[in-house]
Amino acid sequence: MCGIVGYIGDAEAASILLAGLKRLEYRGYDSAGIATLDGGLHVVKRPGKLSALEEAIAEDPPAGTVGIGHTRWATHGAPTEVNAHPHTSAAADIALIHNGIFENAEVLRAQLAEEGYTFRSETDTEVLVHLIHRLWEDGEPLEDAVARALRLVEGAYGIAVISTRDPDKIVVARHGSPLLIGVGPDGSLMAGSDAAAVVELTRDVVYLDDGDYAVLERGGYRTYRLEGVEVDRTVHQITWDLEAIEKGGYEHFMLKEIFEQPSSLEDVMRGRLLEEEGDARLGGIADHQFELGRVRRIIITACGTSWHAGLVGGYMLEELARIPVSVEYASEFRYRNPVLEEGTLVLAISQSGETADTLAALREAKRRGLTTMGIVNAVGSTIARETDFGIYLHAGPEIGVASTKAFTSQMVALALFTLFMGRRRHLSVVQGREMVHALRRLPGQVQEVLALNEELKELAGAYADARNFLYLGRGYQFPVALEGALKLKEVSYIHAEGYPAAEMKHGPIALIDENMPVVFLAPRDPVYGKVVSNIEEVKARQGRIIAVVSDDAPELAGKVDHLIRVPHTIPPLLPVLTTVPLQLLAYHAAVLRGADVDQPRNLAKSVTVE
């Protein structure tokens, strides 16, 4: 979602803010702006890409060593210059940027309008800047007015505020939208919605909790609860290098991250496989074996790609650990009053650890007294902090909006958790060793799949003009069909649907003709014969068939238009290998269609509002 950056120090703020916003481009946005303080308030904002803002700043650089910057993903109001952030008070003495949605904005807008406030934009954010102005009493510090105003708003927010009336500070606050403070070695301070915004200046960051606000001044920072009580927050170290968020010679972040998967899978398994015992060492959950031993049911909750990983994990846990599993869309789980019994573990999966719906579902589970666990990539994220225990992916930052390496890392993390749970229940040491051996081979096998890149680029060229795609799979491959279709939709804008292969006859078969590409996930697994039958049915209707197989599949000779061969492994891990060619297919189709692969239209990397 939207990006926030702030800076207070000795350097000119504008260039630092712009650099921070560039680091946040991957989050998705449609307008951008900055505000700096130098006696007066200087605001520059533009719709469209950051390049437009950069040109405007170059023409007339705003002075000041205090400033805030924002990339906006439109919610209230179209992506226009007037709706872009920062928003300012009528007196041009306060500037504010905001991620999130105020749910009572219209009520507050009406009240302020009655008092004579004029609104220039369609945004909910402008309501807050006028509210702060309305409540700010002469002689009091900016933070008091901000805290008073925030007690009146309902909804999600991450904000940063500056003012000419209290010029040597930035006030930041969060509730539902991530926000952190970067503590520079030279005494400078930064604010950011993501560590990427501050990593060029510092590796020391302080993550704010929901209900926190903070005051950034030249002498340091102070953190408070919204009620006004001062609190201490731990300083964390960013462990990844700046190079990790650079393209490293690749044309796009998405391609770079696809090709990073052998190393990201190595990292998620590093030090966690016990060969002789046929077991997994998971430090994040090792001290919670008593709670895990009492688990009678698992609810996996997630959104989007993480939900697809959860489906794979659910299959693994039921088959190998013999635990009943439900996989729930977080956005539905939180509203439908689910039956949550004692002995239920709620497992939240999120790359960013900040996904609004997943976080809300997790909090509902905690409110009902259930044990909670997280699988996240972002160290220090809200879900990582609020779950009882969990597993970090250690996949490194994922910049491309369409998730690739995080998805395969999530599946491997779920395999490790399955191994851990299975060995304490029904999984024999022999079965455990087989799984450990298969996991160890996985990074090298993914490397073999990546060697098909040119072949998949050529294949994408044959179908880049298609208007529709159908992805079909059974068992462990059904979630892969969903993920393959999602990737194609996300980055190439080709309509695609994923289905269980057996469900094809219950509707989708009506779509099949000589113009319909159908991707079958058909590795050699227990349901392979059934998938071959489905292929026969599509072939009889002249569908154009692309089959992902795990051997030469001689029985498919003459029945499919294209074979994509991946290495073979045990069925629970096959989704990792069958996913990778679909990522490359989607990527190359998007590039050939001229789409913005790393920043697809209307999408954001981390969905931090409903």
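Is Ser163 buried or exposed? Select Ser163 to find out: at 0% relative accessibility, this residue counts as buried, because the cut-off for buried is under 20%. Keep in mind as you go that the model on your screen is predicted.

**Stop 1: around Ser163**

Stay with Ser163 and colour the strand that holds it, β7, which covers residues 155-163. Now show the neighbours. Leaving aside residues up to four places away in sequence, Ser163 touches Leu37, Asp93, Ile94, Trp136 and Leu142. Zoom in on Asp93, whose backbone oxygen lies 2.6 Å from a polar atom of the Ser163 side chain.

**Stop 2**

Next, select residues 169-175, which form strand β8. A hairpin of 5 residues joins β7 to β8, and the two strands pair in the antiparallel sense over 4 bridges. To see where they face each other, pick Ile159, which stands opposite Ala173 in β8.

Keep Ala173 selected and look for another partner. In β12, Ala173 has Tyr213 as its bridge partner. Strand β12 spans residues 212-217, and its pairing with β8 is antiparallel, over 6 bridges. How many of the residues of β8 are buried? The count is 6 of the 7, so β8 is largely enclosed by the rest of the structure.

**Stop 3: some backbone details**

Here is some background for this stop. Most residues other than glycine have a negative phi, and most peptide bonds are trans.

Select His85 and Pro86, which are joined by a cis peptide bond with omega at about 5 degrees. Pro86 sits in the loop between β4 (66-72) and β5 (87-88).

Then jump to Arg322, in the loop that runs between α9 (304-321) and β19 (325-329). Arg322 is not a glycine, yet its phi is positive, at about 60 degrees. At 54% relative accessibility, Arg322 counts as exposed, because the cut-off for exposed is over 50%.

Now go to Ala553, in the loop between β26 (544-549) and β27 (562-565). Ala553 also has a positive phi, about 45 degrees, although it is not a glycine. Ala553 counts as buried, because its relative accessibility is 2%.

**Stop 4: a sheet of parallel strands**

Colour the strands β19, β18, β20, β21 and β22: in that order they make an open sheet of 5 strands, with parallel pairing. Which strands stand at the edges? They are β19 and β22 (389-392), each with a single partner strand, so one side of each is left without a neighbour in the sheet. From one strand to the next, the twist averages 20 degrees.

For a closer look, select β18, residues 297-302, which runs parallel to β19 and is joined to it by 5 bridges. Within that pair, Thr301 has Glu328 in β19 as its bridge partner.

**Stop 5: helices α9 and α16**

Select α9 together with helix α16, residues 477-492. Their axes come within 9 Å and cross at roughly 170 degrees. The two helices are therefore roughly antiparallel to each other, as the cut-off for that is over 145.

Show the side chains where they meet. From α9, pick Gly304, Thr305, Trp307, His308, Leu311, Val312 and Tyr315; from α16, pick Phe478, Pro479, Leu482, Glu483, Leu486 and Lys487. Colour this contact by class and you will get 8 nonpolar, 3 polar and 2 charged residues.

**Stop 6: helices α7 and α14**

For the last stop, select helix α7 (residues 261-269) and helix α14 (residues 429-450). Where do their axes run? They come within 8 Å and cross at roughly 170 degrees. That angle makes α7 roughly antiparallel to α14.

On the α7 side, show Gln261, Pro262, Leu265, Glu266 and Met269, which meet Leu439, Leu442, Pro443, Val446, Gln447 and Leu450 in α14. By class, this contact of α7 with α14 has 8 nonpolar, 2 polar and 1 charged residues.

Note on methods. Residues numbered from 1 in each chain as written. Predicted model: local features only at pLDDT ≥ 70, side-chain atom pairs only at ≥ 80, totals over all residues. Heavy atoms only, no water. Buried < 20%, exposed > 50% of the residue type's maximum accessible area, 1.4 Å probe, protein only. Polar contact = N/O pair within 3.5 Å; in protein donor to acceptor, adjacent residues only side chain to side chain. Contact = heavy atoms within 4.5 Å. Pairing = 2+ DSSP bridges. Axes fitted to C-alpha atoms, helices over the stretch in contact; angles between N-to-C directions. Parallel < 35°, antiparallel > 145°, perpendicular 65-115°, else oblique. Nonpolar A, V, L, I, M, F, W, Y, C, P; charged D, E, K, R; others polar.
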